[in-house]
Amino acid sequence: MTHIRTVPTEPIEGQKPGTSGLRKKTTVFQSHHYLENFIQSIWNGIGGVEGKTLVLGGDGRHFNSQAAQVVLRMAAASGAKKVIVGERALLSTPAASNLIRKRGADGGIILSASHNPGGPEGDFGVKYNAGNGGPAPEGITDKIFEATKTITEFRILDSQDVGLAGTGTVMLGDMEIEIVDPVADYAELMKEIFDFDAIHALFRSGFTMRFDAMHAVTGPYARMILEEELGAGPGTVINAIPLPDFGKGHPDPNPIWAKTLMDEMMGDHAPDFGAASDGDGDRNMIVGKHCYVTPSDSLAVLAANATLVPAYAEGLKGVARSMPTSGAVDRVAEGLGIDCYATPTGWKFFGNLLDAGRATLCGEESAGTGSDHVREKDGLWAVLFWLNVLARKQCLVAELMDAHWKEYGRNYYSRHDYEGVDSEAANGLMDHVREQLGVLPGNEVAGMKVTSAEEFAYDDPVDGSRAEKQGLQIGFEGGSRLVLRLSGTGTEGATLRVYLEKVETDPAKFALDPQVALAPVIAAAEAIAGIKTRTGRDAPDVIT
Ligand code: G16
């Protein structure tokens, strides 16, 4: 027997969705009514779930299963018609986006804090995706936040946990729950997009690869697609079993956190190709034998070679990058004669461009690449894209990068992160730079001539909405650039991100260490922002 309980509650402070949903310490999500308040506020913010069909899944981190049960009981109590849930409440973020679209669902709940560490001491997160399969745009997240401030009660079904091991259909009260294989539909989609025969032939020819799933959700997807479907040898996928604490690792695919893979790829016995993905499978890292590819370069290379992939053989409608992402893709777009959009950080800003058919490929410096096949960035898709291109061009990553830079020039790029900075100090630093924006252009800083300085604001060309205060952007003569912004995904203090870029067109200078190539921009950043004094740090915590 089930019975709907209406529980009185009070607003809880700080439930404002950030760059990508609400992310907090797991213990915060486990605290009294925290999750229930937020879920009810989602329902209230989107106009209720009565009669609606939702998709539900998560990255398997600690508290994933318990949270999924709460979402199911609350969806049933508020009259949802149906929830499509991944077996064991698992779904990678791109697979969830695909399911929402494929099944014509009204939206979905993704339980993930993405690349943030998991476990009892780690982070948890909840994100609402809309009917287009993409992260809710700000118009919706604002309404959800407003609802968190006025909530007085939530509705939940009193019931046993629903068994989610094994596919099939069960009822919870009047609501249908369809439990699906989390991998099947996604694998089907990948087969429709890429030239699986060419990739299969590549592996048959002796091409070797290592994929680090970082003990996160992509493990089963990568095993099924790379090892079983495409014939990459067994053992290609490492750390393939999703664990609630990601094996105590930090599931962020970059050279720092995927160090084991990086060491192998830079070593004497490196495979031909290496890749990694993050907690929820939407980020990717690409690394060739002795050759790391920055996410910004990856986007540019994929755009330049897109017609080698069956789904993009007709050419791209346009491309989009987040503002801090390097301008490497801009020059490819120029060469192709297609539009290139710069949006604020946050995948949600690409949604309208993709829906309107203005952009086909999108990418971000934060290891995100994707296309109009779903409305999220997609880690494994990016890896398959690279494999498809390498298979068709019959070359190695280093050769491809070399040829790309010779044609388009090289954008040296790096991001310096200062984590857990005192919030007041971080805001003070941003204000200090903000105050200089009017006077910087025309002046020289640390030997670099400033050509532009602005606080980035974005006017969405599709719906006319405006997003302000999206990062401080300073341009220098010769195309170098400095961007400063505060992260919207951290859960402790503030994270200052310093993005550095320098354009190099002289092939004799294509093999420099990026930190060396970027030294003048790094010096200008220090002179303008006073980072060391204001953060009290001698060096960044993470350099990617
Ligand atoms: C999320 C967003 C991305 C963003 C990234 C970093 O990624 O979807 O668009 O680039 O956060 O954001 P921030 O610089 O504000 O920390 P993910 O993979 O964490 O969902």
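Residues are numbered from 1 along each chain as its sequence is written. In this predicted model, local features need pLDDT of at least 70, side-chain atom pairs count only at pLDDT 80 or more, and totals for chains, interfaces and linings use all residues, while side-chain values use heavy atoms, with hydrogens and water left out.

**Exercise 1.** Determine which residues are closest to the ligand, and which atoms lie 2.6 Å from its oxygen atoms.

*Solution.* Start with the shell, where a residue counts if one of its heavy atoms lies within 4 Å of the molecule: 19 residues surround the ligand, and the closest are Arg485, Ser487, Gly488, Thr489 and Arg497. Next, take the polar contacts, pairs of N or O atoms within 3.5 Å. An N or O atom in the Ser487 side chain is 2.6 Å from a ligand oxygen atom, and a backbone N or O atom of Gly488 also lies 2.6 Å from an oxygen atom of the ligand. For Lys377, a polar side-chain atom lies 2.8 Å from a ligand oxygen atom. Finally, consider cover, computed by the Shrake-Rupley method with a 1.4 Å probe: of the 470 Å² of accessible area that the ligand has on its own, the protein covers 99%.

Definitions and conventions. Polar contact = N/O pair within 3.5 Å; in protein donor to acceptor, adjacent residues only side chain to side chain.
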